[in-house]
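Subject: Structure for you to look over

Dear colleague,

I am handing over the structure below, and my notes on it follow directly after. Please read them with the coordinates open beside you.

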Amino acid sequence: MTSTTLTTGKQEILPPPTERYTVLGWIRKNLFGSWFDGILTIVGLAFIIYAGVGSLRWAFTSARWSVITDNFALFMKGQYPLEQVWRLWVGLYLLAFVVGLLWGVFVRQRSFTAWVLLGAPVLFALIVLIIGGSGGWLSLLLVDVLAVAGWALARWQPQRTRRAAITLLILYFPLLILIIRGFGAEGFLSLVPTNLWGGLLLSLLIAVVGIVFSFPFGVLLALGRQSQLRAVKTLCVIYIEFIRGVPLITLLFMGQVMLPFFLPSNVVIDRVIRAMVAVILFAAAYLAENVRGGLQAIPKGQYEAADAIGLNGFQKMTYIILPQALRAVIPVLVGQFIGLFKDTSLVALVGLLDLLGIARGVLANPNYIGRQIEVYVFVALVYWVFSYSMSYGSRRLEVALGVGER
Amino acid sequence: MAQRTTEQHAVPFWRDERYLQLLGQLAVVLAVAALFYYLINNLIHGLAAQGIQLGFRFLRLTAGFDIGESLIEYSRSDTVLRALYVGFLNTLLVAFLGIIFATILGIVVGVARLSKNWLINKIAAVYVEFLRNIPLLVFLFFVYTVIFLKLPRTDNALSISFLKIYFSNRGIFIPWGIPGETFGSWLVILLVGLILAIVVGLILYRQGQRTGRMPLIGFWAPLTFVVVGLIGWIALPSAPLIKDVPVLQGRNFVGGRGFSPEFGAMLFSLAVYTSAFIAEIVRAGILAVSKGQREAATALGLSPFLTLRLVIFPQALRVIVPPLTSQYLNLTKNSSLAVAVGYPDVFAVANTILNQTGRAVEMIGITMIVYLTFSLLTSLFMNWYNARIRLVER
């Protein structure tokens, strides 16, 4: 009965009429609203045509992209030995599978984002096919196959896979490092020293290590800064303000030049780890400030309620305060991760061969003299694609979590 | 809590929260102190093993290296300290100009981002989204190697001829003034003009307070200054500043003021890159002013310009200024990337000294202190500003 009245009610109340434009009307309203708008539009259009035609002409005629295609493997993985590259693929497949599982368990529906994510490997495979790479396209398509397989498995057995997916997510990072670094001098998964890591691989690894390891450290710092204990609070404030006050590059130089002095002379840490330590110390201070923002957003009643039901300080934080605070700052943390990923390019200045370092190395090669535009455009594009897709994802996440309107 | 007060004597001290807090703090402080002791002990032993001594006496020694550009007189026989000072001034210069240009560009793009014109809106969006998602260092390398080093040679430099500005791969050259004989007296006149301008501003402010009609202080006070300066210029027997135009002599320009390609690349990339972030801040600030405010202002009969000046902007500024100062600080810290293109800022100079003398600890310490000072000053300003804003809010 109620349902019928509801439907009739729906039919009776018409939605407000939407504005409809013809194409010309739309142009008139949005491009030539006033004479000043008209001038702006014409100038803007002239600029777009000039710049667009110029760049397209350059990209398809005078640009020599062979510097990219010849060194593509170098850009992606640096000096990582060719016969071990399958390990990187395994890492990627594992990631695709885990993401597929998680998607199936938590997101469930097929959204636009999923199609974009699945489309990316297909697109790359097509590019590889057109350029004429050898067999790489099959490996790329396998990424999609595994992701879809993970998703299907999770949809088929949601209850059982839920726990497995979370376990895999937590185990993924140590497992990845194990696969990439290996162990033992020879044989299966032999050791690949960090000085052979390079290119995009190194950039991503430094960023991921930075965020993963700075996370607990940053949360502790944030809690310390909010703490009632005077001494702890002072120490945390000093650390946070000190790190936030100096540029990352000074910390990186400190890691490269000064860290050896601060350790016993028999301890030798390789350069990549030193850069990672600098990045972790740096990221932790910024993360602490972000988490503090989340902590401050928690109403006082939550603390009092936790006290009232007799939780001790540790339980209060882990069960009541932190879950809410961290959820509120997830988008900010994604933003910080993007910033960190961009900041990893600074390690090129201390001589590491990350994506930018490799680019400079390639440009120093006499065979590729004068190809700065091609190389830097390519590098910028790679950074852009990663950063933009992450920020796009975080905006979707923000909408989904409903924390944007804080 | 209640339990503790009633049964105070029953609680042993190892379960008393006050003792526990004290002990916890003590433990943390001791742990940090022990860590520092360990590190510094290692440092002293390590340095002693290599025969290096800590200390700042080397700052008085001769630097022995050239610096490409300097705001003050400097030669390689000057002291290390002076070399650092040159670098410090260069940092200030690029950061100061960068902040000015980034602000102007950022406001323009931020307003364009809110434009009703679809095309302008989208161009601004692409500008912002492109710059915000690439690393500054990549942008800097691109700008330096692709734009500033690819400029034509000096003998066929791009020029804005009626302004006598030249762009070449040796740098950018603009006309400049050389202080003449009467420059000193003109400076005095300018000072008098400044004092007069402040007096005029104060009088007008008082009058505004009294009558309730605030006159255009921002117009009349600067006008006073400019008029006094102009009168001084005309009244003095010879012009205080002599125009010096860059002229091509041999392979390079002579005269005027030259800016190296490194400086140009630093300034350009810092200003453009930061402007994208400032644009987003400006946009968010203007959007943060609720729509009702604009409608109310229109209902009161304020013109669109007055609406912006009296209603939207003062409120938007409150949202804009805190993140804006943090962007300014970011720009200043990012100017340390100058080391990548060889612009001699304080970090690059310190790095040179480090390589020449091996004084790693001291040099990195000094650069950190310089940047920490910047950031401390910024946060002091922020606290002052926030306090002022709160007064306005009551």
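In chain B, the domain assignment gives domain 1 (2–50) and domain 2 (80–175 + 245–393), the bounds in every case coming from an automatic or database domain assignment. The centres of domain 1 of chain B and domain 2 of chain B, taken over C-alpha atoms, are separated by 45 Å. For chain A the assignment lists domain 1 (20–59), domain 2 (81–192) and domain 3 (199–406), and there the C-alpha centres of domain 2 and domain 3 lie 24 Å apart.

Before going further, please keep in mind that this is a predicted model, in which local features need pLDDT of at least 70 and side-chain atom pairs count only at pLDDT 80 or more, whereas totals for chains, interfaces and linings use all residues. Residues are numbered from 1 along each chain as its sequence is written, while chains are lettered from A and ligands numbered from 1 in the order in which they are written.

As to overall form, the C-alpha trace of chain B spans about 90 × 70 × 50 Å along its principal axes. The secondary structure of chain B comes to twelve helices and eight strands, where helices (H or I, at least four residues) and strands (E, at least two) are DSSP runs numbered from the N terminus.

Chain B contains an open sheet of four strands in the order β1-β2-β3-β8, with antiparallel pairing (two strands pair if DSSP finds at least two bridges between them). Because β1 (158–160) and β8 (257–259) of chain B each have a single partner strand, they stand at the edges, and one side of each is left without a neighbour in the sheet. Within the sheet, β2(B) and β3(B) form a hairpin with two residues between them; strand β2 (residues 165–168) and strand β3 (residues 171–174) of chain B pair over three bridges, and B:F167 stands opposite B:I172 in β3(B). On the β8(B) side, three bridges join β3(B) to β8(B) in the antiparallel sense, with B:G258 as the bridge partner of B:F173.

Turning to the chain contact, 45 residues of chain B are in contact with 44 residues of chain A, a contact being two residues whose C-beta atoms, placed from the backbone, lie within 7 Å. On the side of chain B that touches chain A, α2 (17–50), α4 (118–132), α5 (136–148), α10 (304–334) and α12 (360–393) of chain B each supply at least two residues, and the largest share, twelve residues, comes from α2(B). The residues of this side divide into 30 nonpolar, twelve polar and three charged, where Ala, Val, Leu, Ile, Met, Phe, Trp, Tyr, Cys and Pro count as nonpolar, Asp, Glu, Lys and Arg as charged, and the others, Gly among them, as polar.

With best regards
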